[in-house]
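Subject: Structure handover

Hello,

My notes follow below it.

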2 protein chains.
Amino acid sequence: MTDDRVWTAALVVIGDEILSGRTQDKNVAQVAEWLNQHGIRLAEVRIVPDEIGRIAETVNELRAAHDYLFTTGGIGPTHDDITVDAMAEAFGVPVVVHPAARRILEDYYRDRPGGLTEARLRMARVPDGAELIHDERLGFPTILCENVYILPGIPEILEQKFQALRDRFAVSPYFLRIVYTREGEGAIAEHLNATLAAFPELLLGSYPKIGDPEYAVKLTLESKDEGYVERALAHLLGLLPEEAVARTE
Amino acid sequence: MTDDRVWTAALVVIGDEILSGRTQDKNVAQVAEWLNQHGIRLAEVRIVPDEIGRIAETVNELRAAHDYLFTTGGIGPTHDDITVDAMAEAFGVPVVVHPAARRILEDYYRDRPGGLTEARLRMARVPDGAELIHDERLGFPTILCENVYILPGIPEILEQKFQALRDRFAVSPYFLRIVYTREGEGAIAEHLNATLAAFPELLLGSYPKIGDPEYAVKLTLESKDEGYVERALAHLLGLLPEEAVARTE
């Protein structure tokens with residue numbers, strides 16, 4: 001992974017519970033932040049229902065368009081956990097029980113109530129040809145199909161998976177500076193435009209906050225080139241009236 | 001709107017700030033819950049970057065596939081507020097200043113500091129042919145292009161827009177019952193499958209919770225037919241061991 005090439009990823013969140021509004025999604029922010037820390041741009045997210053055909057179609061569209069694709073959700077033992085089946089359909093391969101995954105489940109459930117039921121054994125199913133990424137200290141393996149990482153939807157377990165995957169993603173982070181302004185967007189827009197004209201490669205975000213006594217707009221300045229961000233920041237601060245700036249970070 | 005036809009909607013969240021992980025999205029849950037209350041299924045969500053071409057392409061794909069399309073974000077006065085331009089590109093029409101929207105802005109900014117700047121006037125721009133949905137008690141109008149509603153990304157303002165739109169969406173809600181179980185998914189999966197076999201139209205969700213002393217799995221049973229949900233619930237409770245059920249709602 002080199003510093004100047006922009007690596008992009010997409011995320012497919014599999015979850016009827018999110019589309020119905022019953023559950024507030026946390027995976028998007030979690031995956032986005034983790035990717036950003038590793039210098040990978042999250043280029044698109046799709047939240048799709050628990051339907052094999054829709055998931056497979058979405059996976060095929062996005063895995064071709066990006067360097068990496070991540071999916072979250074749908075990998076437990078119940079009827080609505082159909083991510084592995086959808087992935088097998090996407091890759092045109094059968095679902096098989098992975099011997100190593102089966103062994104891990106057998107060991108885990110040997111002395112636990114209920115034992116290794118048929119339902120629990122579902123978790124050893126993988127699309128044929130999938131790779132298992134396993135770190136013994138970090139729970140059940142992650143399934144990798146070419147450039148597609150199949151991740152769990154439960155935030156606590158997802159966090160563990162990131163630990164197990166960290167060595168696969170070299171770090172090339174974005175540098176971020178933040179300006180909080182007391183003036184609203186309408187008053188500062190011309191200075192933002194002027195800064196972008198002078199620093200066309202800058203990633204400049206503008207996020208108004210309502211009812212906050214401390215600031216009216218949060219401005220984010222980003223680039224993989226730290227010096228570029230600093231020069232753009234200095235340019236912007238030179239344009240903004242002094243009293244308009246609440247603080248910088 | 002009749003009760004038996006399933007109306008579907010899609011949502012496009014326009015937001016670099018969400019894809020970068022800087023901001024936790026709240027719009028998905030907000031829109032999903034609101035639609036669900038009105039008996040409309042949210043069938044898909046896409047989170048896309050602030051790029052006119054990508055937004056236009058996504059809008060055209062989704063507005064054809066669903067009864068309604070909603071977009072959130074990108075309608076303020078700054079350089080990264082490009083939703084109206086993207087929508088005009090999607091519909092193949094020019095961007096125009098809407099006279100009624102301009103009048104509302106002129107009235108609003110007449111006695112306010114800074115007045116109606118060029119940047120603020122950007123908010124009166126609409127795709128040519130767009131309809132304005134205006135409720136004087138509820139702030140700035142909502143822009144409607146055929147079946148596409150252009151909504152703001154700021155949660156507090158989005159909530160106001162829902163108020164202004166409520167009369168357009170007749171109510172045909174889903175009925176929801178909830179079962180909290182003490183047993184994990186592996187232990188109850190067979191009973192869920194049996195219930196689905198007997199009630200194939202039931203929308204049945206299964207959501208494990210980790211580290212909660214009260215329950216291990218939350219099961220959601222949904223249908224537009226209240227009696228159907230109640231019968232499916234009775235069926236499931238008849239299958240689950242009594243001690244496995246923590247409570248129902």
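Where is the place of Glu146(A) in chain A? Glu146(A) is in the loop between β7 (142-145) and β8 (148-151) of chain A. Helices (H or I, at least four residues) and strands (E, at least two) are DSSP runs, numbered from the N terminus.

First, the ground rules. This is a predicted model, where local features need pLDDT of at least 70 and side-chain atom pairs count only at pLDDT 80 or more, while totals for chains, interfaces and linings use all residues. Residues are numbered from 1 along each chain as its sequence is written, and chains are lettered from A and ligands numbered from 1 in the order in which they are written.

**The loop residue**

Glu146(A) has a positive phi of about 50 degrees, although it is not a glycine. Most residues other than glycine have a negative phi. Glu146(A) counts as exposed because it has 11 C-beta neighbours inside 10 Å. The cut-offs: a residue is buried if 20 or more other C-beta atoms lie within 10 Å of its own, exposed if 12 or fewer, and partly exposed in between, with C-beta atoms placed from the backbone.

Glu146(B) lies in the loop between β7 (142-145) and β8 (148-151) of chain B. Its phi is positive too, about 50 degrees. Glu146(B) counts as exposed, with 12 C-beta neighbours inside 10 Å.

**Chain A overall**

Chain A has nine helices and twelve strands. Its C-alpha trace spans about 65 × 40 × 35 Å along the principal axes. Of its 249 residues, 43% are buried. Chain A is divided into domain 1 (7-168) and domain 2 (175-248); the bounds come from an automatic or database domain assignment. The centres of the two domains, taken over C-alpha atoms, are separated by 38 Å.

Contacts next. Two residues are in contact if their C-beta atoms, placed from the backbone, lie within 7 Å. Take the contacts in chain A between residues at least 6 apart in sequence: 68% join residues at least 24 apart.

One residue to look at is Leu121(A), in helix α6 (residues 118-121) of chain A. Leu121(A) counts as partly exposed because it has 17 C-beta neighbours inside 10 Å. Leaving aside neighbours within four places in sequence, Leu121(A) is in contact with Leu105(A) and Leu116(A). Leu105(A) is 16 residues away in sequence and 7.2 Å away in space, C-alpha to C-alpha.

**Cores**

A nonpolar core is a set of buried Ala, Val, Leu, Ile, Met, Phe, Trp, Tyr and Cys residues joined through C-beta atoms within 7 Å. The largest one has 82 residues. Leu11(A), Val12(A), Leu11(B) and Val12(B) touch the most other members. Another core, of 17 residues, lies apart from it, and includes Ala187(A), Ala189(A), Leu204(A) and Val229(A).

Beyond its neighbours within four places in sequence, Val12(B) has contacts that include Arg46(B), Val48(B), Ile55(B) and Leu69(B).

**Strand pairing in chain B**

Two strands pair if DSSP finds at least two bridges between them. In chain B, β9 (residues 175-181) pairs with β11 (residues 217-223) in the antiparallel sense, over seven bridges. β9(B) also pairs with β12 (residues 245-248) of chain B, antiparallel, over three bridges. Tyr180(B) stands opposite Lys218(B) in β11(B) and opposite Arg247(B) in β12(B).

**How the chains meet**

The contact takes 48 residues from chain B and 48 residues from chain A. On the side of chain B that touches chain A, α8(B) gives the largest share, eight residues. By class, that side of chain B has 21 nonpolar, 15 polar and twelve charged residues. Here Ala, Val, Leu, Ile, Met, Phe, Trp, Tyr, Cys and Pro count as nonpolar, Asp, Glu, Lys and Arg as charged, and the others, Gly among them, as polar.

Strand β2 (residues 40-48) of chain A pairs with β2(B) in the antiparallel sense over three bridges. Val45(A) has Ile47(B) as its bridge partner in β2(B).

Now the symmetry. A rotation of 180 degrees, with 0.0 Å of shift along its axis, superposes chain B on chain A (RMSD 0.1 Å). That is the relation of a two-fold axis. The same surface serves both copies: 100% of the contact residues of chain B recur in chain A. Copies are superposed by least squares on the C-alpha atoms of residues with pLDDT of at least 70 in both. Of the residues of chain B, Arg46(B) comes closest to the rotation axis, at 2.2 Å (C-alpha).

Best wishes
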